[in-house]
Amino acid sequence: MIKYADLTLTQKAFVCNGCGGKGGLINPPEFMFNASCNHHDFLYWRGCTEADRKKADDEFYRLMKEDISEAKWYLKPHYHIWAYTYYKSVRLIGKKFFRYGHEMKNMVDLVKEMEQR
């Protein structure tokens with residue numbers, strides 16, 4: 001199974017776009033969550049089942065909370081509100097951006113997609 005850490009910077013740039021849906025109308029502010037958003041983009045690209053989507057969203061929320069632990073104490077409440085809002089948003093409207101399929105995409109799929117563009 002391909003992992004986000006396996007990707008080169010070029011591959012990450014191909015798959016990920018930060019916070020907000022790729023090609024979507026809403027592009028929320030990224031604050032300190034750019035890396036977490038990119039990891040979430042990768043998990044949505046890799047796709048598979050609704051259970052995988054739920055895991056991706058839960059991992060996204062976990063990573064954002066990890067990001068917040070590095071913030072200054074007085075910013076943490078503000079960032080927690082944003083993280084929860086992002087999490088709830090992907091749970092509500094992220095379905096259209098998730099790649100559903102019978103199996104997760106792999107490195108071969110990524111190379112083929114990159115060659116086609």
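These legends describe close-up views of a predicted model. Local features need pLDDT of at least 70, side-chain atom pairs count only at pLDDT 80 or more, and totals for chains, interfaces and linings use all residues. Residues are numbered from 1 along each chain as its sequence is written, and side-chain values use heavy atoms, with hydrogens and water left out.

**View 1. Helix α2, residues 34-46.** Helices are DSSP runs (H or I, at least four residues), numbered from the N terminus. The expected span is 1.5 Å times one less than the number of residues. For the 13 residues of α2 that gives 18 Å, and the end C-alpha atoms are 18 Å apart, which agrees. G47 follows the helix, with a positive phi near 65 degrees.

**View 2. The cover over α2.** Of the 13 residues in α2, 11 are buried (under 20% relative accessible area; exposed is over 50%, partly exposed in between; 1.4 Å probe, protein chains only). Among them are H39, H40, D41 and W45. Their cover includes α1 (9-15), α3 (50-68), α4 (76-93) and α5 (107-116).

**View 3. F42 and the largest nonpolar core.** Such a core joins buried Ala, Val, Leu, Ile, Met, Phe, Trp, Tyr and Cys residues through side-chain atoms within 4.5 Å. α1, α2, α3 and α4 each supply at least two of its residues. Beyond four places in sequence, F42 touches I2, K3, Y4, L7, V15 and C16 (contact: heavy atoms within 4.5 Å).

**View 4. R53 in helix α3.** R53 is buried, at 2% relative accessible area. Leaving aside neighbours within four places in sequence, R53 contacts Y44, V90, R91, L92, G94, K95, F98 and Y100.
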